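Here are some notes to keep beside you as you look at this model for the first time.

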Amino acid sequence: MTASSARRLVLMGPPGAGKGTQASRLAEHLGVPAISTGDIFRANVAERTELGQQAQRYMDAGEYVPDEVTNAMVADRLAADDATAGFLLDGYPRTEAQVGELDRMLEAAGVSLDVVVELTADVDELVKRLLGRAAEQGRSDDTESVIRRRLEVYSEQTAALVDVYDARGILVRVDGLGSVDDVAARLLDALS
Ligand code: AMP
């Protein structure tokens, strides 16, 4: 598998590991859309849509939005024309139920994931990064207690999911510490 031949990817990793930034860069490099569930939720919150109203209280508490809501949103997004030839999912799947649902969506479309990348990082570094980002962007889910809760939820509900993909032989682990350029280079290297 080379970086230019992977078309269907998932980027996993704890909050603050730099997923969003790396997802946009990598997706651009591969010529596939980056699909960030967090970004889609935030846009819906900003636009005060019904979906935004459903999601906001969970996001503000650092909890996951319910699977039914999230799965329906992703199914809808993956059905769009620009995602038929490939996509990079950022922040999905995050629960076992989402892994199963993604499998079903892809199977129904006759396709499968090429690679799942896990960006790894140390917890103290993550808290530091997230607090820095909170100061810059003013995200309502970036207070210290919510940050700690988000990391807890990640380790309880999401961290183990990488094993599922590891068992399928499609997991690649990449160290998320360092500058954006360093990590981006490491990612491309790991995919080649
Ligand atoms: P993120 O920007 O990826 O850190 O996502 C921000 C917030 O959106 C998360 O803390 C969750 O509340 C919600 N969210 C994003 N993706 C998912 C998902 N796959 N499942 C449930 N909730 C999600």
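1. Start with helix α2 (residues 37-46) and helix α3 (residues 50-61), which pack at an angle of about 115 degrees with their axes 8 Å apart. Axes here are lines fitted to C-alpha atoms, for helices over the stretch in contact, and angles run from 0 to 180 degrees between N-to-C directions. That angle makes α2 roughly perpendicular to α3; angles under 35 degrees count as roughly parallel, over 145 as roughly antiparallel, 65 to 115 as roughly perpendicular and the rest as oblique. Helices (H or I, at least four residues) and strands (E, at least two) are DSSP runs, numbered from the N terminus.

2. A word on the source: this is a predicted model, in which local features need pLDDT of at least 70 and side-chain atom pairs count only at pLDDT 80 or more, while totals for chains, interfaces and linings use all residues. Residues are numbered from 1 along each chain as its sequence is written, and side-chain values use heavy atoms, with hydrogens and water left out.

3. On the α2 side the contact (heavy atoms within 4.5 Å) is made by G38, F41, R42, N44 and V45, and on the α3 side by L51, G52, A55, Q56 and M59. By class, these are five nonpolar, four polar and one charged residues. Ala, Val, Leu, Ile, Met, Phe, Trp, Tyr, Cys and Pro count as nonpolar, Asp, Glu, Lys and Arg as charged, and the others, Gly among them, as polar.

4. Which residues of α4 does α2 meet? The axes of α2 and helix α4 (residues 67-78) come within 11 Å and cross at roughly 100 degrees, so the two helices are roughly perpendicular to each other. T37, I40 and F41 of α2 touch V69, T70, M73, V74 and R77 of α4. This contact divides into five nonpolar, two polar and one charged residues.

5. Next, look at the ligand. Of the 15 residues around the ligand (those with a heavy atom within 4 Å), T37, R42, E63, G91 and R94 come nearest. A polar side-chain atom of R42 lies 2.9 Å from a ligand oxygen atom, and a backbone N or O atom of E63 lies 2.7 Å from a ligand oxygen atom. For R150, a polar side-chain atom is 3.3 Å from an oxygen atom of the ligand.

6. R150 also belongs to another helix contact: V123, L126, V127, L130, L131 and R133 in α6 meet E144, I147, R148, R150 and L151 in α7. Seven of these residues are nonpolar, none polar and four charged. The axes of helix α6 (residues 123-137) and helix α7 (residues 144-158) come within 10 Å and cross at roughly 135 degrees, which makes α6 oblique to α7. The crossing is right-handed.

7. Finally, please check two loops. The peptide bond from Y92 to P93 is cis, with omega near 0 degrees, and P93 is found between β3 (87-90) and α5 (96-108). In the loop between α2 and α3 sits R48, a residue other than glycine with a positive phi, near 55 degrees.

Methods
Polar contact = N/O pair within 3.5 Å; in protein donor to acceptor, adjacent residues only side chain to side chain. Left-handed = near helix turned anticlockwise from the far one by under 90°.
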